[in-house]
Amino acid sequence: MKVAVLGAGVVGVTTAWELLRDGHEVVVVDRRPEPASETSYANAGMIAPGHAYAWSSPKALKTLLKALTRDDLALRFRFQTDFGFWRWAVRFALQCTSEKAAANTRRKVGLSLYAQERLRGVLAETGIRCGMRSEGALYLYRDPAGLAAADEKAKILREAGVEVRRVSPEEAAALDPVYEGVKDRFAGALYAPGDESGDARLFTRELARRCAERGAELRLGETILDFRTAGDRVESVLTDKGELRADAFVLALGCYSAPLGRKLGLDLPIWPVKGYSVTLPIAGSNNPPRLPGVDEDNLFAFANYGDRVRLTAVAELGGWDWSHRPEDFAPMLKAVHELFPQAGDWSRPEYWAGLRPMTPNNLPILGRGRQRNLWVDTGHGHMGWTWACGTARIVADLLAGRRPEWDPVGLEPKAA
Ligand SMILES: Cc1cc2nc3c(=O)[nH]c(=O)nc-3n(C[C@H](O)[C@H](O)[C@H](O)COP(=O)(O)OP(=O)(O)OC[C@H]3O[C@@H](n4cnc5c(N)ncnc54)[C@H](O)[C@@H]3O)c2cc1C
């Protein structure tokens, strides 16, 4: 079967790979000249079942209220007139009960564990090297009460099969020597030995190359504008370069799945939640964190890819805006300097902002669209790197009429 995968972010490329493995003819279309040039470009890089909590929770609502009056928090709000935002915000708020947050967390953890195994399989099969670190992650707390509460909260992860251990600053320093000199600046950490990190952009670009070697056609620099449908089928995709016909289509356009999905009669509740990252080269005398992790009081994440260290923060509800200014990074950089003053070469920073394709329940949208040859693999929010290899396999299985190993029931796209 000829399958057109729409989007060459980490989700589209991993889907293309799984479809090739199933013996399909695959075409990938993306408007950018290289794969992973939008949200998959410079994310935090964490593969983290040990951090798979639902963002929509009772606490999120309280933090959002604070964000209405303050601009220095990890959660930021920019007033918007777009009706689409308010519709999404109401759906998000409805997920913020304790019961829904717990149920969504359990499913997120289950998908993370399944997807992590799939990612390991793809890495083993392809031999791709993308700065992977597989020695666990440390989630740091600056005060004892916060640490105790987090330890209690982690019960839900443990029950779902994730190992999470509470460690003292001394134990954290034994795991990662970067903490040796700053043991007095935090109360302790939760250590998730199964969590990992790696460079999603490098992985995606390498995998795209292997897809091409395996016969996939990569149509890059080509913008999808519309679709032609007939009865219950999508006939073709209309792009700025012409028309692309295929037997089946997979929508994997990150945030832009929502506006383009609307043209196919779908209501995909995805809203862009912006985040920022700074990537520093690691030079001789630098002392970066070795293990990935999160400073939970300042909500900045960090990961070390061997030659570079990346620091990531902020969830900003601000609409379809990729821009960034130096002041957007200021609170994160202040917290980073407290913990990792020598993290990398500060004279050569690469600043970036990206849009997380966030759904109200923070779970992806997976399954058949309104037309019987349309499939959807999108809405991966803050966990697309963690989940991509898993959802790619799930969608490839659905397309082949097989029962997926992880059940996506309830995550199907809905009609508009
Ligand atoms: C700051 C930040 C930190 C993050 N940290 C982590 C993390 O630690 N771990 C984790 O698992 N996830 C993390 N994420 C989330 C992760 O990056 C995303 O979930 C993932 O990249 C989404 O991948 P995607 O392929 O769906 O979207 P994208 O990478 O955005 O890919 C969509 C593709 O569609 C293309 N496209 C869009 N419209 C069109 C069109 N009209 N025509 C043609 N092509 C089009 C784009 O060019 C793009 O290449 C983070 C995200 C951010 C922003």
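The legends below describe close-up views of a predicted model.

View 1. The strands follow the order 9-2-1-13-21-20, and their pairing is mixed. Strand 9 (217-220) and strand 20 (365-368) form the edges; each has a single partner strand, so one side of each lacks a neighbour in the sheet. On average, neighbouring strands here are turned by 15° against each other, direction ignored. Strand 1 (residues 2-6) pairs with strand 2 in the parallel sense, over 5 bridges. Within this part of the view, V5 is found opposite V28 of strand 2.

**View 2. Two helices lying across strands.** Helix 1 lies across strand 1, strand 2, strand 13 (248-251) and strand 21 (374-378). Relative to strand 2, helix 1 runs at about 170°. Helix 11 lies across strand 13, strand 20 and strand 21, and its angle to strand 21 is about 170°.

**View 3. The largest nonpolar core.** This core has 119 residues. L6, A16, V26, V28, C211 and F249 have the most contacts inside it. Helix 11 gives the largest share of the core, 9 residues. Around L6, leaving aside neighbours within four places in sequence, the contacts are G12, V29, I224, V237, F249, V250, L251, A252 and L253.

**View 4. The surroundings of the ligand.** The ligand is surrounded by 40 residues, of which G9, A44, G254, G275 and G384 are the closest. Two or more residues of this shell come from each of helix 1 (10-21), strand 2 (25-30), strand 15 (271-281), strand 19 (350-358) and helix 11 (384-399). Sorted by class, the shell has 15 nonpolar, 20 polar and 5 charged residues.

View 5. Strand 5 (residues 137-141) pairs with strand 7 in the antiparallel sense over 5 bridges, and Y141 stands opposite G188. Strand 6 (residues 165-167) also runs antiparallel to strand 7 and is joined to it by 3 bridges. There, R165 is opposite Y191 of strand 7.

How values were computed: Residues numbered from 1 in each chain as written. Predicted model: local features only at pLDDT ≥ 70, side-chain atom pairs only at ≥ 80, totals over all residues. Near = placed C-beta within 6 Å. Helix = DSSP H or I, 4+ residues; strand = E, 2+ residues; numbered from the N terminus. Nonpolar A, V, L, I, M, F, W, Y, C, P; charged D, E, K, R; others polar. Pairing = 2+ DSSP bridges. Axes fitted to C-alpha atoms, helices over the stretch in contact; angles between N-to-C directions. Contact = placed C-beta atoms within 7 Å. Core = buried A, V, L, I, M, F, W, Y, C linked by C-beta atoms within 7 Å. Buried ≥ 20, exposed ≤ 12 C-beta atoms within 10 Å, placed from the backbone.
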